[in-house]
Amino acid sequence: MTATATAIPVQKKARRSDRPPRQVIRQPLAERVAPYLYIAPFFVIFAIFGLFPLLFTFYVALFDWNPIGEQTFVGLANFERLFADQRFWNAFVNTFGIFLISTIPQLMLALGLAHLLNHATLKMANFFRMALLVPYITSVAATALVFAQIFDKNFGLINWMLDIFGIPAVNFLSSQVGSWIVISSMVMWRWFGYNTLLYLAGLQALPREMYEAASVDGASGWQQFIHLTIPSLRPIIIFTVIMSTIGGLQIFTEPLLVAPESGLTCGGGRQCQTLALFLYEQGFGQFEFGYGSAVGVALFVIVVVVSLINFFLTTRTRKAR
Amino acid sequence: MSDVIDQAVPQSPQEALVRPQLNRRRHGGRVGKVGWPVYALLIGAVFISVFPLYYMFVIASVGASAVTSIPPRLYPGFNFADIAAKVFETVPFFQSLLNSVIVSLTVAVITAILCALAGFAFAKLQFPGRNALFLIVLLTMTVPAQLSVIPQYLIISWLDWVDTLQAIIVPGLASAFGIFWMRQHMSTTLNDELMQAARIDGANSWQIFWRIGFPVVRPAAFVLGLITFTSVWNDFMWPFIVLKSPELFTVQIVLKQLQANRTIDLALTMGGSFMATLPLLIVFFFVGRRMVAGIMDGAFKG
């Protein structure tokens, strides 16, 4: 380590040749280890509560692990069981169903709003930005409770509005697609304003001359949106898709609180049980830590696969430019 | 050493660095007049953003009859104080508010300082392995910690921390996003010449951090603290797993408890939900602009 540490002054000397090297070499040991001390808290905590648990999940998944009983090595039996488990595939489908119908409309809405907010002469711009961030500061738990009421089958506002149009009341939570709609609307509501701000930040970084030129050429607002706004936001769009994917795989609180009568399954037929909720049910509801960890490993694999797909999409778009 | 630093610190160098960026941003945006349809659409979006929270308050201030009447009641009543009092009676709400404040504030303050320190090291100090270590920080941002809740719970129980507040505080202190964020701000706003001057005066990196580095990025650290506070305050899953005794519950977990009464008294649930959000709303009222600017700034740099 000392050998590499003394290499730094050489670098510095190369940059500032006017300074005598002696001064930098005298840098005391304390100064050389200081950077490591500054970053140590993160790495220590991350090692204990982040990295180790992640690796340990793979280990626990190989056991029939009862937190209060004994732990028996079972090899890959948990995974065989997982692949044959209807409940797992059901949770898998629910997670992706909710992810799709929440992310796509949400990001489209955010794009449109960012385009509107990007008017240089917009009045009360700060008011609009702040108001859009109100859902972000509202907790998922509180959101889930009020949305459960808004979508309630008897006294919900949505059913009251449907009734005005002569449509009979819908029991949203009783069906799979219905409960996806309820949960997706919570996810959308909480994040659309936040994503709007991210897109707006990207748009404001663009030179104004681009829009000026487009206006001079007679491009309408819609044409500007299609030909200027969307293409220039591509990197941020990819970023928000990745973040939404990671967030979407973790949906837990919404399905847990939206259908309280059924406990951990989110409906008698597990209509809206997500992978995270299934993991929790197996681990902390059934006390099957091994099987629950196998779900965790499966989730990890899904995250890696989705990230790789995103990575390839990113590199392809970069090449395309 | 303080002489040089004190003379050099006054705003000018940092401002000179920040200004052009701000000016450029003010120039961004589409040109032309804003028509009323734009305002109509934006007001619609604001309505959607605010309505669920407003509706919470309506139910909590009218009582459960707000939803059973046809058409449903859409404006607030005068019973909020009664319902709030009932919430405090039914569950240890005050205690849970206190727990949430303790947990969120501790995590926010410590995270902001630790991340500023680590960001300073990554942005401004040379040391072997710096790039590799920073890559690890970046990679951890893409792996959701939630996948490994079971081993996390095992570790907490080996440490004998189940059902304690430090079970929430300590794991929350490692923020990869925070380090990334502070490093960006450190590298754009902290002046190298100033650091050199302080070094020649004999200041070590610790002194440089506290006297020059941290003061310069304090606004960014404040926003990071706010974002951290919000996310810890609103977290549900992890406290739900590790907390067992009602006197340690955070506000979010108490909402789940209140929900048990949902069919009996909806107003109670909505009153609790609204009060759980109220502290953040108040904070947001005062510093919302900075939070908006911070989030947009993060997107801009990231």
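This is a predicted model: local features need pLDDT of at least 70, side-chain atom pairs count only at pLDDT 80 or more; totals for chains, interfaces and linings use all residues.

Student: OK, how many residues of chain B are in contact with chain A?

Tutor: 106 residues of chain B, and they contact 102 residues of chain A. Contact here means heavy atoms within 4.5 Å.

Student: And how much area do the two chains bury between them?

Tutor: About 9600 Å², with 75% of it on carbon and sulfur atoms. That is accessible area (1.4 Å probe) lost on putting the two parts together, summed over both. B:R30, B:L147 and B:I150 supply 9% of what chain B buries against chain A, more than any other three residues.

Student: How many salt bridges does the rule find across the interface?

Tutor: One. A:E31 and B:R199 form a salt bridge through their side chains, at 3.1 Å, N to O; the rule wants a side-chain nitrogen of Lys or Arg within 4 Å of a carboxyl oxygen of Asp or Glu.

Student: Which helix gives the most to chain B's side?

Tutor: Helix 15 of chain B, residues 266–301, with 17 residues. Helices are DSSP runs (H or I, at least four residues) and strands are too (E, at least two), numbered from the N terminus.

Student: Switching topic: how many helices and strands does chain B have?

Tutor: 15 helices and zero strands.

Student: What share of chain B is buried?

Tutor: 54% of its 302 residues. Buried means under 20% relative accessible area, exposed over 50%, partly exposed in between (1.4 Å probe, protein chains only).

Student: Last one, A:A131. Why does A:A131 count as buried?

Tutor: Because its relative accessibility is 7%. A:A131 sits in helix 7 of chain A, residues 125–132.

Student: What does A:A131 touch?

Tutor: Leaving out residues up to four places away in sequence, A:A131 touches B:V46, B:S49 and B:V50. Within chain A, A:A131 and A:G193 are 62 residues apart in sequence and 8.3 Å apart in space, C-alpha to C-alpha.

Terms used
Residues are numbered from 1 along each chain as its sequence is written. Chains are lettered from A and ligands numbered from 1 in the order in which they are written. Side-chain values use heavy atoms; hydrogens and water are left out.
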